[in-house]
Amino acid sequence: MQEQPAGGPNRTRWTPSGEEQKHTWGWVLQAVTGMLVLLLVTLHMIANHFVVQRGLRDFAAVVAYLSNPLVVVLEVLFLVVVTWHGLLGLRAVLFDFGFSRRVESWITRVLWVVGVAIVFYGLWLTWVIASYH
Amino acid sequence: MTDVMDPGFDTHSTEAPGRPFRFRVFRYKQGDRAPHFEEFSLHVAEDTTVLDALTAIRNRLDPTLVLRHSCFHASCGTCGLRVNDREAMACVTKVVDLKSPVIKVEPIANQALVADLVTDMVDFYARFNAIGRAFVQAVAGPPDAATPEGVGHYSRFENCIECGLCLSACPIVASDPRYLGPAALAAAWRAVEEPRGLDPNAILQLTDDEQGSWRCHAAFECSEACPANVDPAGAIMLLRQRQVGEQLRSMLGGRRR
Amino acid sequence: MSERLVEQSPAGREGVDSAAVQRRTDGASPRRRGVASWGDPRGRRLGGWAFVLHRVTGLGILIYLFLHLAVLSLLARGPSAWDDFVSIALSPFFLFFDVVLIFGLLAHGLNGIRVTLVGFGLVVDRQKAMFVALMVLGAIILIVAALRIFEVG
């Protein structure tokens with residue numbers, strides 16, 4: 001499709017990025033995950049700080065909390081959604097720097113890896129705590 | 001030797017006893033290692049505009065100051081500048097309204113510099129071309145221009161005087177050379193609203209892009225800077241609304257794209 | 001000037017004759033204000049401040065997320081490791097940073113509502129008023145939260 005001109009100071013040609021229209025959905029997802037985060041972080045705050053003594057769960061309280069499967073589902077969902085939103089947001093900020101398309105696709109790949117790693121870490125941690133009895 | 005007066009106005013009448021203002025004017029000539037600021041002290045009257053003052057500086061104090069202007073009433077888009085860090089049309093910005101004894105004058109940002117306060121607008125115009133809308137177009141009114149609704153609709157885009165203040169103000173144009181920018185996106189929206197022979201779908205698809213309508217972060221600095229009520233940020237949001245609608249429609253098996 | 005610097009093709013995608021532009025401007029390239037301009041407060045208007053606030057709080061929350069996930073690994077080390085941490089976390093120093101975090105969450109989340117609505121073309125004409133209203137709401141919630149955290153209220 002449209003080729004990007006070679007990077008250089010006097011770049012007066014404007015051409016679109018050439019990718020198909022995925023960008024609408026990228027942005028829509030950012031908005032949707034954002035709204036979900038707003039909801040889930042409120043629930044998370046209430047559950048972890050407002051319904052407990054001293055405002056913070058000690059170890060026993062954490063184990064009790066995570067023994068409820070609904071709680072596990074919500075917290076994992078929260079982790080996925082907030083990681084997605086945060087890393088996509090970071091990507092958006094980095095892309096505003098005007099790096100080359102090669103650098104930009106590397107950024108995307110690295111952030112995917114980081115995101116998946118975070119979710120797996122969260123799942124592992126939840127499993128470790130849940131198996132404490 | 002008689003004084004040669006500038007055509008159109010009398011520079012002497014812009015000076016009156018009263019407060020002097022310090023003008024810090026951005027200076028740069030091709031070949032300079034770096035730009036610098038030069039100071040000029042000038043008395044002004046209540047109605048002296050920044051353009052009046054700069055012209056007086058050029059005529060009376062420093063004839064090497066490079067300056068560009070044309071219509072004197074903010075409709076040609078030529079004299080856009082950054083005055084005390086804000087985008088403004090120099091010809092309608094009164095010095096006393098700036099409420100500052102020091103007036104810093106710089107060229108608009110994010111364009112190539114020719115000299116002093118004059119930028120090369122080729123990059124700016126190229127963006128309009130990229131969306132398929134020639135920046136010089138035959139003036140042809142829509143059929144309903146006679147009706148009140150038609151006139152309002154018609155004048156919405158024609159408001160754009162292509163001054164470049166919006167691109168100067170946009171934080172993303174400042175950092176990302178590939179972002180299409182508010183002026184062209186506003187023009188794209190107008191072309192979608194009123195195609196006049198252009199293919200609105202092609203424009204929607206072209207701007208439905210990472211470097212098109214989705215790069216905007218709703219700072220609205222462009223709409224604040226615009227001297228002509230184009231509201232480019234509003235136009236970008238409407239463009240997005242239409243793009244999401246089109247995507248949904250095509251997903252649900254509606255209109256073929 | 002007889003040079004045709006700009007292609008006027010119907011598709012309009014040819015762009016600009018860069019060589020001609022080069023000759024005219026003696027190699028001058030666009031003077032972009034750059035990423036540093038995001039941090040420049042001069043001349044910035046309300047929407048521009050919203051942009052900066054959203055960016056700064058977003059990155060701040062992301063950094064917090066990493067810290068938080070790292071700290072949570074203490075849970076894997078058993079009750080004593082975690083409960084020791086809990087006593088530190090209840091110190092006034094930590095609680096102060098909790099208030100900072102809540103400020104960040106409120107600023108980012110509430111402005112995010114504006115960005116979402118406006119970004120779909122809704123409420124665009126009143127977006128400034130909406131921003132102010134949301135920030136006022138955020139300030140109220142922040143004060144209540146701070147009082148609650150320090151158990152004064």
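Mentor: One term before we start: two residues are in contact if their C-beta atoms, placed from the backbone, lie within 7 Å. Also, this is a predicted model.

Trainee: Okay. In chain A, what share of the contacts with a separation of 6 or more comes from residues 24 or more positions apart?
Mentor: That share is 66%.

Trainee: What is the secondary structure of chain A?
Mentor: Four helices and zero strands. From the N terminus on, the order is α-α-α-α.

Trainee: And how much of chain A counts as buried?
Mentor: 22% of its 133 residues.

Trainee: Take helix H3 of chain A. What should it span, and why?
Mentor: It has 27 residues, 69-95, and at 1.5 Å a residue it should span 39 Å. The C-alpha atoms at its ends are 39 Å apart, so the two agree.

Trainee: Which residues of H3(A) are buried?
Mentor: Among them are A:Glu75, A:Leu79, A:Trp84, A:His85 and A:Phe95. Two glycines, A:Gly86 and A:Gly89, are on the list too.

Trainee: Switching to chain B. How many helices and strands?
Mentor: Nine helices and seven strands. Of its 257 residues, 49% count as buried.

Trainee: What domains does chain B have?
Mentor: The domain assignment gives domain 1, 11-120, and domain 2, 122-251.

Trainee: How many residues are in contact between them?
Mentor: 14 residues of domain 1 are in contact with 15 residues of domain 2. On the domain 1 side, strands E3 (80-83) and E4 (86-89) of chain B each supply at least two residues. By class, that side has six nonpolar, five polar and three charged residues.

Trainee: How do E3(B) and E4(B) run, parallel or antiparallel?
Mentor: Antiparallel, with four bridges joining them. B:Arg82 stands opposite B:Glu87 in E4(B).

Trainee: What about the turn of that hairpin?
Mentor: Two residues lie between the strands. B:Asn84 takes a positive phi there, near 45°.

Trainee: Now the largest nonpolar core. Which residues touch the most other members?
Mentor: B:Ala90 and B:Ala188, in a core of 77 residues. Helix H6 of chain B, residues 182-193, gives the largest share, nine residues.

Trainee: Where does this core lie relative to domain 1 and domain 2 of chain B?
Mentor: Both domains give residues to the core, so it lies between them.

Trainee: Back to B:Ala90. What is it in contact with, leaving aside neighbours within four places in sequence?
Mentor: The partners of B:Ala90 include B:Val50, B:Leu51, B:Leu54 and B:His69. B:Cys79, B:Leu81 and B:Val83 are also among them.

Trainee: Why does B:Leu167 count as buried?
Mentor: Because B:Leu167 has 30 C-beta neighbours inside 10 Å, and 20 or more is the cut-off for buried.

Trainee: What does B:Leu167 touch, not counting residues up to four places away?
Mentor: B:Asn110, B:Phe124, B:Val173, B:Gly181, B:Pro182 and B:Ala183.

Trainee: And how far is B:Leu167 from B:Glu221?
Mentor: They are 54 residues apart in sequence. In space, C-alpha to C-alpha, B:Leu167 and B:Glu221 are 9.3 Å apart.

Technical notes. Residues numbered from 1 in each chain as written. Chains lettered and ligands numbered in written order. Predicted model: local features only at pLDDT ≥ 70, side-chain atom pairs only at ≥ 80, totals over all residues. Buried ≥ 20, exposed ≤ 12 C-beta atoms within 10 Å, placed from the backbone. Expected span 1.5 Å × (residues − 1). Domains from an automatic or database assignment. Nonpolar A, V, L, I, M, F, W, Y, C, P; charged D, E, K, R; others polar. Pairing = 2+ DSSP bridges. Core = buried A, V, L, I, M, F, W, Y, C linked by C-beta atoms within 7 Å.
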